[in-house]
Amino acid sequence: MRILTVFMSLCLMQLAIAQRKGYWQQRVDYQMTIDVNEKTYQYDGTMKLKYTNNSDQELNKVYFHLYFNAFQPGSMMDHRLANIPDPDRRMVVNNGTKDNPKLESRIASLSPENIGYQKITSLTQDGKKLNYKVDGTILEVSLAKPIKPGTTTTFDIVWKAQVPEQIRRSGKLSKEGIEFSMTQWYPKMAHFDEFGWHLDEYVGREFVAPFGNFDVKIKIDKSYIVGASGVLQNPKEVKGYLPNYQLKLANDKATWHFKAENIHDFAWGADPDYVVESGKTKGGVTVYFLYQPGKKTTENWKKSIPITLDFFDFASERFGEYPWPTYSIIQGGDGGMEYGTSTLITGERSLESLVGVIFHEAAHSWYQHLFGINETHDEWFDEGFTSYIEQLGHLNATNQEILANPNPEAYEGYFGLVKSGKEEPASLLADYYNTNYAYSLQAYYKGQVLAIQLGYIIGDENLKKTFKKFYNDWKFKHPTPNDFKRTAEEVSGINLKWYFNLFINTTRYVDYAIEKVADGEITLVNKSDFAMPIDLLVEYKDGSKELFYIPLREMRGEKPEENLKELQGAKRTVLEDWFWTKPRYTVKTTKEVKAVQIDPTKRLADVNPQDNTYIN
């Protein structure tokens, strides 16, 4: 723990040395105690929050999120469920028939004892009482004194809360019988950065928050076992973690004390039936597994332990070392969701499904929690890159060869989105997609395609170097997609403005074709309004092969030669660059052509690949 503290301190000292000149970020440090009433699913909370203003702007107001308030009839989340054409099936009930469904929001019918709320009863700044107002899931606070640049102020908050019915992420009594799934459970300081305050109403998507330390005490009936973010400080005084514990009680309640450093979200789960298992990675990370034992869980959860440990070592090697001492995988919630050094996942799964969701949520330790990505805006950067890591981890765990395109299924999902007519620009705010279908395929599939296709543009080895350099430059900070683009440009020497702009900010797509092969010439055509460099593999009738590489003029450079299996060892010839203003390009050959293929590595996201191959 002491080593971690020193490491974190060094990271904090380096915040001002970020890749982007003038970069700054706010700082929060939470100290919280809650006292849980297990019978009513309510709790009383106290918080001391130190807030440091590292911006150059004086703050006269601050804002907090009160996420539980979304689980009330008439909330924006309730109305969103009632009006989106394809609501999340977990959050609605069918009041019609199977053949004629009538999907209605589960929130709309919540009784008073099943709604969620967070009610502030006291709020002070440096001891002075503050005025505030609650607007949906946002708490707006007028300050007693402005927070000047470079200064720290302390807020003391007392609140009462009720845990809602399990509908989305947080809740009581999940379908699998987990008593408490406690996520977004505390008044959470809103994020303030160079773009201003991020005050998104909670309608079902994800989050952004400043980094800080958490010191959390949870008082709950002695029968419960708790799993949470961070490191348990008193394992000898609570049950489940050590065989010879001495339960320390106050009025039949045990106090669970957790600390976590340099995270931006804290979650926990509690249930009387949890068992706790653990293992340690080669890199020294202790991974905890908390689940309800039974026919649907025990065997697969036990089998998942060594597989999960290997995943952490693999991801650390490929994308940068996991920096925290622990990670907790906790049965709970309604699917899977990432939090600081922890995840809540549903547990009654096949081994393949269980490992898949563990890999995905654990991979979020990089692309969301190590880099505090704004999930409310850059969902593809968060979910897409996480899914990319997940897929590589799956291939590694099953001893499959990792090809240049490790996930053709992601491409097929993206192509389906393009052809559906429902695609919207990936730069759209996550909450505002017209359909959950478009959001999901955009975030999870198109985001993966962006990363894999980037390797096609800058080269596979440069892509690996980009991920590593990005880790070194931006860990424990809040990078934007442009910061990742700049890292890739620095590593590769290639201009990528055109690629990121068109792929993220528009719904344009790639569509190339081999138009003609005759008289010693191969004519290529760009049938779309999205220009890309081209790898063209030509097989001659004498058995030899040649890889023609056609850079795009906008790149102002070229990718290095790649040693990839799919290129079949073909001799590479670099041709004159292709203009995006010119729809056709002619390649001259000196031998009789047997076959031609655009992009043999299958990394080019060509939505109609049927015309990318010619066989004589």
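## Thr581 and its loop

In this predicted model, Thr581 sits in the loop that links strand β31 (571-574) to strand β32 (584-588), where strands (E, at least two residues) and helices (H or I, at least four) are DSSP runs numbered from the N terminus. Thr581 is exposed, its relative accessible area being 57%; exposed stands for over 50% relative accessible area, buried for under 20%, and partly exposed for values in between, with a 1.4 Å probe and protein chains only. Although Thr581 and Ala531 are 50 residues apart in sequence, their C-alpha atoms are 8.7 Å apart in space.

## How the model is read

Residues are numbered from 1 along each chain as its sequence is written. Since the model is predicted, local features need pLDDT of at least 70 and side-chain atom pairs count only at pLDDT 80 or more, while totals for chains, interfaces and linings use all residues, and side-chain values use heavy atoms, with hydrogens and water left out.

## The chain as a whole

The protein chain holds 11 helices and 34 strands. Its radius of gyration is 26 Å, close to the 25 Å that the globule rule gives for 616 residues, so the chain is as compact as a globular protein of that length; the radius is taken over C-alpha atoms, and the rule is 2.2 Å times the number of residues to the power 0.38. Taken along the principal axes, the C-alpha atoms fill a box of roughly 90 × 55 × 55 Å.

Of the 616 residues, 58% count as buried. Where contacts (heavy atoms within 4.5 Å) join residues at least 6 apart in sequence, 71% of them link residues at least 24 apart. The chain exposes about 25500 Å², of which carbon and sulfur atoms supply 48%; these areas come from the Shrake-Rupley method with a 1.4 Å probe, and for residues only the protein chains shown count as cover. There are 73 positive and 81 negative side chains, and the centres of the two sets lie 3 Å apart, with Lys and Arg counted as positive, Asp and Glu as negative, and His and the chain ends not counted. The place of a charge is taken as NZ of Lys, CZ of Arg, CG of Asp or CD of Glu.

A nonpolar core is a set of buried Ala, Val, Leu, Ile, Met, Phe, Trp, Tyr and Cys residues joined through side-chain atoms within 4.5 Å. The largest one has 168 residues, and those with the most contacts inside it are Trp159, Trp185, Trp256, Trp268 and Tyr367. Another core, of seven residues, lies apart from it and includes Tyr433, Ala438, Leu441 and Ala443. When residues up to four places away in sequence are not counted, the residues that Trp256 touches include Val216, Ile218, Ile220, Tyr224, Leu232 and Tyr241.

In helix α11 (residues 497-505), the residues Trp498, Tyr499, Phe500, Leu502, Phe503 and Ile504 are buried.

## Two loop residues with positive phi

Asn399, placed in the loop between α6 and α7, has a phi near 55 degrees, a positive value in a residue other than glycine. Asn399 counts as exposed, at 73% relative accessibility.

Phe476 lies in the loop between α9 (460-474) and α10, and its phi, near 65 degrees, is again a positive value in a residue other than glycine. Phe476 is buried, with a relative accessible area of 1%.

Ser342 belongs to strand β26 (residues 342-345) and is buried, with a relative accessible area of 0%. Ser342 and Gly230 are 112 residues apart in sequence, yet 7.8 Å apart in space, C-alpha to C-alpha. Leaving aside neighbours within four places in sequence, Ser342 is in contact with Ala228, Ser229, Ala267, Tyr327, Ser328, Ile330 and Met337.

Ser365, in helix α5 (residues 365-370), counts as buried at 4% relative accessibility, and, with residues up to four places away not counted, touches Tyr322, Trp324, Tyr327 and Leu370. Gly320 lies in the loop between α3 (298-319) and β24 (326-331) and is buried, with a relative accessible area of 4%.
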